[in-house]
Amino acid sequence: YAGLAQCCLLTREYRKGVEWAMRSHGQASGHALTQLMLAALLVGLGELDQAKAAMEVARRLAPDWVQSRLEGQAAIREGANRQHFITFIRVAAGLEPPEAAQALR
């Protein structure tokens, strides 16, 4: 389900992606990737407070892994999609202003 949430992020189907992320959460609530995807998808929807909360959960679950993603490491290799993901999670983490996500929505 986390993979489907990621696909929805990349195709900018944020609401549908949140649904997949919530399914993933129901199956594996301690999965940091799910929380990270949820945070990014919520930024896509403009739900910044909820995105921040999901990011905080992801950081508690896997602090080093999440930090590496915030620093630019990502499994997504393609340039525009990679930048989309990294910018959105950085917005959720408060490392980029919300306006940074505007152009990528």
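Ground rules. Residues count from 1 along each chain as its sequence is written, and side-chain values use heavy atoms, with hydrogens and water left out. Because the model is predicted, local features need pLDDT of at least 70, side-chain atom pairs count only at pLDDT 80 or more, and totals for chains, interfaces and linings use all residues.

Start with two helices, H3 (residues 32–45) and H4 (residues 48–61). Helices here are DSSP runs of H or I, at least four residues, numbered from the N terminus. The axes of H3 and H4 lie 8 Å apart, at about 160°. Axes are lines fitted to C-alpha atoms over the stretch in contact, and angles run from 0 to 180 degrees between N-to-C directions. So H3 is roughly antiparallel to H4, a label for angles over 145 degrees.

Who makes the contact, meaning heavy atoms within 4.5 Å? On H3, Leu36, Ala39 and Leu42 are among them; on H4, they include Ala51, Met55 and Ala58.

Now the core. A nonpolar core is a set of buried Ala, Val, Leu, Ile, Met, Phe, Trp, Tyr and Cys residues joined through side-chain atoms within 4.5 Å. Buried means under 20% relative accessible area, with a 1.4 Å probe and protein chains only. The largest one has 29 residues, and Leu9, Met55 and Phe85 have the most contacts inside it. H3 gives the most, 8 residues.

Last, Arg60, in helix H4. Its relative accessible area is 62%, so Arg60 is exposed; the cut-off is over 50%. From Ala32, Arg60 is 28 residues away in sequence, but 8.5 Å in space, C-alpha to C-alpha.

Key
Parallel < 35°, antiparallel > 145°, perpendicular 65-115°, else oblique. Contact = heavy atoms within 4.5 Å.
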